[in-house]
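Grab a pencil and open the viewer: here are a few exercises to work through. Try each task yourself before you read its solution.

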Number of protein chains: 2
Amino acid sequence: MSKQSTLDEIVKLIYDAKNILIVGHRLPEGDVVGSALCLYFALQKMKKNPYLYNQDSIPKNLKFLPGVKKFSCLLPSAKKFDLTLMVDVGEKGRVGESFLNHPFLGKIICLDHHAVSVHEGNLNFVLPNASSTGIVVYHVLKALGVKKLSYEIATNLYCTLITDTGSFRYSNTNRETFELAKLCLDSGVDPWLVARNCFETQPLSWFKMLCDVVTHMEIKMGGKILMASVSLAQLKKTRASLEQAEALASHLRTLEGVQVCAMFIEQKRGFFKISFRSNGSYDVGKLAKRLGGGGHRKASGCEMQGPLSSIKKIILSELRKNLS
Amino acid sequence: MSKQSTLDEIVKLIYDAKNILIVGHRLPEGDVVGSALCLYFALQKMKKNPYLYNQDSIPKNLKFLPGVKKFSCLLPSAKKFDLTLMVDVGEKGRVGESFLNHPFLGKIICLDHHAVSVHEGNLNFVLPNASSTGIVVYHVLKALGVKKLSYEIATNLYCTLITDTGSFRYSNTNRETFELAKLCLDSGVDPWLVARNCFETQPLSWFKMLCDVVTHMEIKMGGKILMASVSLAQLKKTRASLEQAEALASHLRTLEGVQVCAMFIEQKRGFFKISFRSNGSYDVGKLAKRLGGGGHRKASGCEMQGPLSSIKKIILSELRKNLS
């Protein structure tokens, strides 16, 4: 892990800055969007001039979040920032090209909870035990003197909690997660509103894709491994997003007996994003790392090129090696 | 609501009793099983002689719960009980025939969170704002002097929390839910273990049934109503349980735009259990009540007899009346 900065150092930089850029990784999910918006509202209250940028557009199911329209997919190259806050990501490259090449970013502060990432900020504040980057942001807000969470901040914080814990199911759920969830409700958060948008709104195409995938999925090693794929044609036909296809992987992991689920999602012709999901007994984070990707013990991913059948063979052989 | 008894009155009855029967409604789910087991462990610690009974067997996905083997499906008619604790149910009839006809039940205490039920206990303690009956039981345990939750009690209590809130998603989730969830983690509860068993273990047959149901479901009123059915033959073929079929209804409710999902589950030839799920804008509790059933605003059910096509017509006409 990179050298950890103190909250005092971070607070000082924020106090001294006026124009502040807030960014997260491409293909933003609940934790990026929620964390960035928490910061946006707090900085605005402090009479700062925050600018919210993400290279990719915000997924449809997060469009209900207060303030979400403040996000821009454009990063004007002439705009000068005194300070940049990078949330839920350590490597600048994962934010995107425009960001990498921007000449006026000021100092960069990384706020994250992924201990395994390389943190390329000038200052890095990483809490590996935090369920979400939103919680890391919460600690920064407290240090900045935010006493009570507004409804807007609380709803965005709550979104980071439920998305990164799979609705308080994953083992990263801890007492602080519940403590903050309670705090969010005190600020008026409607749990069903957030949960329904984040988890419980799927287009018909998604259900059809699910059925198609279930019909064609392969079960290996006596049921321990499940391999399924979504083709470019299927993605186009169903207009499903990458997030929705990835959600399928988490869904299929629930199949009784399955220890690892590998989901092959074709992004460009012959170019696959592979999402791994494990029930915890097998570390798919290590597997993804060996294949040039990254992630956690139970959820990880990598990218591979080639005919699907060859890629599947490689993955299966990797899995066989380490799965007893 | 029936007359509410005080915790003092309840505690006194429990102190004075030795042989205590603990029962819940037929087709037990997480809240019945977890609540009953919390009481079982606490009473055992108090050197009482608790007896756990449910007419129906425990669903497979709850078999991981500590103490679950203590449940019996037999209620010996000669066994004399000093006291009976009825959890998560108000009407004796919903516990079953053997219970109704048992001559030696002692006084009956109802512990419940369903305000709309008729509570037929000699003493009734009902907390309508509690997310689960488990929370009601928690208040009784505190009154009985239980200071710290054992791992066994905490895991069972946690099970009631996550099953009755749909993993902290439904609007009955409140600050007390999160407060108790935190307390459960303090006692060593593993959130992933409980969530995986309660929500994330589905047999292959369930996936196949899902696909079959999705293929044949009917969408009405421009997408606001979804009607789907599971036949007796499908249930037999897939060996899916009634709970699993009902879980399908919650699953299908997530279809974008759907306000009400009605799931017709054939239990005997021509005899249907109908599960209603709503996204909250339409009160399916009232609908079920009009049809002789019961439940909540977002989840309810009733039973109807006849050819499926006629039943569907009745339901559709009822829905059309009140759904704008």
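A crossing of two helices is called right-handed if the near helix is turned clockwise from the far one by less than a right angle, and left-handed if the turn is anticlockwise. Keep in mind that you're looking at a predicted model.

**Exercise 1. Two helices in chain B**

Work out how helix α1(B) is placed against helix α4(B), and which residues meet there.

*Solution.* 
- Step 1: Find the two helices. In chain B, α1 covers residues 7-16 and α4 covers residues 133-143.
- Step 2: Look at the geometry. The axes are 10 Å apart, and the helices pack at an angle of about 70 degrees.
- Step 3: Name the arrangement. Angles of 65 to 115 degrees count as roughly perpendicular, so α1(B) is roughly perpendicular to α4(B).
- Step 4: Get the handedness. α1(B) passes α4(B) in a right-handed crossing.
- Step 5: List who meets whom. From α1(B) come B:Leu7, B:Ile10, B:Val11 and B:Ile14, and they meet B:His139, B:Val140 and B:Ala143 of α4(B).
- Step 6: Sort them by class. The contact of α1(B) with α4(B) has six nonpolar residues, one polar and no charged ones.

**Exercise 2. Two residues with a positive phi**

A:Leu27 has a positive phi though it isn't a glycine, and B:Ser167 is another non-glycine residue with a positive phi. For each, decide: buried, partly exposed or exposed?

*Solution.* 
- Step 1: Take A:Leu27, whose phi is about 45 degrees. You'll find A:Leu27 in the loop between β1 (19-24) and α2 (30-45) of chain A.
- Step 2: Check its accessibility. A:Leu27 has a relative accessible area of 39%, so A:Leu27 is partly exposed.
- Step 3: Now B:Ser167, with phi near 65 degrees. B:Ser167 sits in the loop between α5 (151-164) and α6 (175-186) of chain B.
- Step 4: Apply the cut-off. Buried means under 20%, so B:Ser167, at 1% relative accessibility, counts as buried.

**Exercise 3. A glutamate in a helix**

Describe the surroundings of A:Glu318.

*Solution.* 
- Step 1: A:Glu318 belongs to helix α12 (residues 308-322) of chain A.
- Step 2: Judge its burial. Its relative accessibility is 13%, so A:Glu318 counts as buried.
- Step 3: Look for a polar partner. The side chains of A:Glu318 and A:Lys321 make a polar contact (3.2 Å).
- Step 4: Look further along the chain. Leaving aside neighbours within four places in sequence, A:Glu318 is in contact with A:Tyr282, A:Leu287, A:Arg290 and A:Leu291.

How values were computed:
Residues numbered from 1 in each chain as written. Chains lettered and ligands numbered in written order. Predicted model: local features only at pLDDT ≥ 70, side-chain atom pairs only at ≥ 80, totals over all residues. Heavy atoms only, no water. Axes fitted to C-alpha atoms, helices over the stretch in contact; angles between N-to-C directions. Helix = DSSP H or I, 4+ residues; strand = E, 2+ residues; numbered from the N terminus. Parallel < 35°, antiparallel > 145°, perpendicular 65-115°, else oblique. Contact = heavy atoms within 4.5 Å. Nonpolar A, V, L, I, M, F, W, Y, C, P; charged D, E, K, R; others polar. Buried < 20%, exposed > 50% of the residue type's maximum accessible area, 1.4 Å probe, protein only. Polar contact = N/O pair within 3.5 Å; in protein donor to acceptor, adjacent residues only side chain to side chain.
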